[in-house]
Amino acid sequence: MTDDVLVVHGGTPLEGRIRVRGAKNLVSKAMVAALLGDSPSRLFDVPKIRDVEVVRGLLGLHGVKVTDGDEDGELVFDPSNVESASTDQINVHAGSSRIPILFCGPLLHRLGHAFIPDLGGCHIGPRPIDFHLQALREFGATVDKTPEGLHLSAPNGLHGTKFALPYPSVGATEQVLLTAVMAEGVTELRNAAVEPEIIDLICILQKMGAIIKVHTDRVIEIQGVKKLHGYTHRPIPDRIEAASWAAAALATRGDVEVLGAQQADMMTFLNVFRSVGGEYEVTDARPPKLGDPGQEGGIRFWHPGGELNAVALETDVHPGFMTDWQQPLVVALTQARGLSIVHETVYEQRLGYTEALNTMGANIQVYRDCLGGTPCRFGRRNFKHSAVIAGPSKLHAADLVIPDLRAGFSHLIAALAAEGTSRVYGVDLINRGYEDFEKKLADLGAHVERP
Ligand code: EPU
């Protein structure tokens, strides 16, 4: 544990410029999609994060040759020799990520069977996979749950289906897309998630030869095709990472430019950021031309001085306020005058991290009721899923243990905003989703060190 600790000398505003690359929650799915092609795929701007390594390892086990391309962050996938892997080999990746569940459809198409290890990911509630399994069964797959993992087969092939999700789950929508594109016939998915990462995955599948229509009202129609080829794609930038650094700028009274951040996918975050009292400026990208080197786009976020305002917000599926934006922003809300309300409607247990903030001097109460907005599916179900943040509070240093990825980043922001020296244990978990975060912290003038 000792080498997995970061010592943070807080109280210095973060100032400077960093860059975000392809979205973690798209890149990993794009890598899985490469399995479906009959020729190589090429993905750019892939961040060096743990989730990418896990998917790379799993692809390798299934015979997909993954190599680094010429450009920094470019990966090339050659799926010409897809093969079965042993359960023992696959199980090495058990508990390390939630992405393996998305291998089901592509492996069923390529091999007729699949083994999926026990999943991992962040501990932010039970995170069931019932929608995934229900969808796969609708396509004609047989699912056998064993203590070691899931064994799937499709003895009669996979067939298009009409299916409505009980909730617009991101992962289950991706499961349906990755399965339906090569299933026989037409699939109609209702109550689908339409996050920008999903639209980008649809763009990738369309580049590969898929026929996918996105209708209004969360309906997606997929016409199965017999074969798909490789793709070349530059993914959308990571809007969760961008918002995390924006929140860090606000909480530390700093000024951070996030190169690569895109306004369109962050509109809801930007509205809240402005309501809290943060300032931002969007710079549009300009392609290079003769005599003009062009300009990389991004968004500069800063604390304009003075007091921040309390806000009421509710996390929701797109186009709502992302659940992954919530934890970093709450640290900034501890500095706002008045009572802020956060109603978490996507995950039932995503407010546990507030206890650590309270040990640092924050004043956050969590409630079982749906506060500040419309009732959600967690109301009266005994989940503490609403928070009231009273501020401003002076944060002081503490020893912290990182519980999951986004909560972990919020702990880090709190340590940076607090007076004094904090020790943050388990920081390696942050590498799951934030590329080079220690270097970025150093570039922004943070005083952090490994003991
Ligand atoms: N759900 C079910 N059954 C299912 C699937 C989901 O009940 O079969 C429920 C979940 O328990 C949750 C809700 O539906 O309450 C939404 O879950 P969703 O399936 O949308 O989440 P996910 O696909 O597992 C992705 C991201 C998460 C992000 C959510 C919501 C990836 C790898 N993960 O998870 O990102 O919070 O969508 O946008 O794409 C993160 O990056 O730190 C992270 C947790």
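**View 1. Buried residues of helix α1 in the predicted model.** In this predicted model, the buried residues of α1 are Lys 24, Leu 26, Val 27, Ser 28, Lys 29, Ala 30, Met 31, Val 32 and Ala 33. Because nine of the ten residues of this helix, which spans residues 24-33, are buried, α1 is largely enclosed by the rest of the structure.

**View 2. The four-stranded open sheet.** Four strands form an open sheet in the order β9-β10-β12-β11, and their pairing is mixed. The edge positions are taken by β9 (162-164) and β11 (211-214), each of which has a single partner strand, so one side of each is left without a neighbour in the sheet. From one strand to the next, the twist averages 15°.

**View 3. Pairing of β11 with β12, and the helix that packs on the sheet.** Strands β11 and β12, the latter covering residues 220-223, run antiparallel and are joined by four bridges. Within this pairing, Val 214 has Ile 220 of β12 as its bridge partner. Helix α6 (residues 170-180) packs on the sheet and touches β9, β10 (186-190), β11 and β12, while the direction of α6 makes about 20° with that of β12.

**View 4. The largest pocket.** The largest pocket holds about 1100 Å³ of space. Its lining comprises 47 residues, of which Arg 127, Ser 169, Val 170, Gly 171 and Tyr 347 are the closest to the centre of the pocket.

View 5. When the whole structure is searched, one cavity of 30 Å³ or more is found, and the volume of the largest cavity is about 30 Å³. The residues that line this cavity are Arg 21, Gly 22, Pro 47, Ile 49, Asp 238, Glu 241, Gly 433, Tyr 434 and Glu 435. By class, three of the lining residues are nonpolar, two are polar and four are charged.

Notes:
Residues numbered from 1 in each chain as written. Predicted model: local features only at pLDDT ≥ 70, side-chain atom pairs only at ≥ 80, totals over all residues. Heavy atoms only, no water. Pairing = 2+ DSSP bridges. Helix = DSSP H or I, 4+ residues; strand = E, 2+ residues; numbered from the N terminus. Axes fitted to C-alpha atoms, helices over the stretch in contact; angles between N-to-C directions. Contact = heavy atoms within 4.5 Å. Buried < 20%, exposed > 50% of the residue type's maximum accessible area, 1.4 Å probe, protein only. 1 Å grid on protein atoms, 1.4 Å probe; cavity = no way out; pocket = protein on both sides within 12 Å on 5 of 7 lines; lining within 4 Å. Points joined across faces, edges and corners; volume = space filled by probe spheres on them. Nonpolar A, V, L, I, M, F, W, Y, C, P; charged D, E, K, R; others polar.
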